[in-house]
Amino acid sequence: MAVIVRAGAAPMWWPGLLAAAIGALVPGLTGRRIGLLTGAALFLVTMAVVASARGKRYTALARGATRAGRTDFLQDRAVTVRNWRRGHRWWLLGAFLVAVASAFVLPGAGGLLLAGAGAGLWAKAVRIGQRERRDDALYWVRTDWVERGRPAGKRVEAYRTTGPVAGDAAPGGARRPR
């Protein structure tokens, strides 16, 4: 489950930083200083909002988690990341282009906003990983319940759990060290 949350972090973080760097080269309507200061504020606010969004829903689903059964289909980490990124690639490309285009008004602000969303997703995955370590279990979402990459969507009734060494993902959705 944390893999789905974490899947969007890198595709938002790195293009966001790239868009911010491109934006810092453009003087823009407001000037670089105002644009980058606004971008820094947007980064912090966006990171906090994304990291805390739907926190109660995640906690409630984790409290009601049941042990994964033999009939539950639990997807490999690499497949989950690939599916999420393929399903959202046009949104990510559009967000990158909007962030670069916004540099002509507020230099760097759009890129830092996008990077803040990526950092917020990463922080949320870290928080989920801490809960997984504390509970000594990995949380999973059945693949037939996940709608468009939403691990806490309406179709998700409860999480499934396995032991902490099951699968190829470490707590928090990172790759398991080999």
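Tutor: Let us start with a definition: axes are lines fitted to C-alpha atoms, for helices over the stretch in contact, and angles run from 0 to 180 degrees between N-to-C directions. Please keep in mind throughout that this is a predicted model.

Student: With that in hand, are α4 and α6 roughly parallel or roughly antiparallel?

Tutor: The axes of α4 and α6 come within 12 Å of each other and cross at roughly 25°. Angles under 35 degrees count as roughly parallel. The relation of α4 to α6 is therefore roughly parallel.

Student: How many residues does the largest nonpolar core have?

Tutor: Met1, Met12, Tyr58 and Tyr159 are the residues with the most contacts inside the largest nonpolar core. At least two residues of this core come from each of α1 (2-7), α2 (9-25), α4 (55-63), α5 (77-101) and α6 (109-135). Apart from it lies another core, of five residues, which includes Ala20, Phe43, Ala115 and Ala119. The size of the largest nonpolar core is 27 residues.

Student: Which residues is methionine 12 in contact with, leaving aside its neighbours within four places in sequence?

Tutor: Methionine 12 is one of the residues with the most contacts inside the largest nonpolar core. Once its neighbours within four places in sequence are left aside, methionine 12 is in contact with Trp84, Leu92, Leu114, Ala115, Ala117, Gly118 and Leu121.

Student: Is α2 roughly parallel or roughly antiparallel to α5?

Tutor: The axes of α2 and α5 come within 10 Å and cross at roughly 15°, and that angle makes α2 roughly parallel to α5. The contact is made by Ala10, Pro11, Met12, Pro15, Leu18, Ala19 and Ile22 of α2 and by Trp84, Arg85, Leu92, Phe96, Ala99 and Val100 of α5. In handedness, α2 passes α5 in a crossing that is right-handed; the relation of their directions, as asked, is roughly parallel.

Student: And is α2 roughly parallel or roughly antiparallel to α6?

Tutor: Here the packing angle of α2 and α6 is about 155°, with their axes 7 Å apart, and the crossing of α2 and α6 is left-handed. The residues of α2 that meet α6 include Ala9, Met12, Trp13 and Gly16, and the residues they meet in α6 include Gly111, Leu114, Gly118 and Trp122. Angles over 145 degrees count as roughly antiparallel. The relation of α2 to α6 is therefore roughly antiparallel.

Student: Is proline 11 buried or exposed?

Tutor: Proline 11 is found in helix α2 and, leaving aside its neighbours within four places in sequence, is in contact with Arg85 and Leu92. Proline 11 and histidine 88 are 77 residues apart in sequence, yet 9.6 Å apart in space, C-alpha to C-alpha. Buried means under 20% relative accessible area. The relative accessibility of proline 11 is 17%, so proline 11 counts as buried.

Student: Is aspartate 136 buried or exposed?

Tutor: Aspartate 136 lies in the loop between α6 and β2, and has a positive phi of about 55° although it is not a glycine. A residue counts as exposed when its relative accessible area is over 50%. Since the value for aspartate 136 is 53%, aspartate 136 is exposed.

Terms used. Residues are numbered from 1 along each chain as its sequence is written. This is a predicted model: local features need pLDDT of at least 70, side-chain atom pairs count only at pLDDT 80 or more; totals for chains, interfaces and linings use all residues. Side-chain values use heavy atoms; hydrogens and water are left out. A nonpolar core is a set of buried Ala, Val, Leu, Ile, Met, Phe, Trp, Tyr and Cys residues joined through side-chain atoms within 4.5 Å. Buried means under 20% relative accessible area, exposed over 50%, partly exposed in between (1.4 Å probe, protein chains only). Helices (H or I, at least four residues) and strands (E, at least two) are DSSP runs, numbered from the N terminus. Contact means heavy atoms within 4.5 Å. Angles under 35 degrees count as roughly parallel, over 145 as roughly antiparallel, 65 to 115 as roughly perpendicular and the rest as oblique. A crossing is left-handed if the near helix is turned anticlockwise from the far one by less than a right angle, and right-handed if clockwise.
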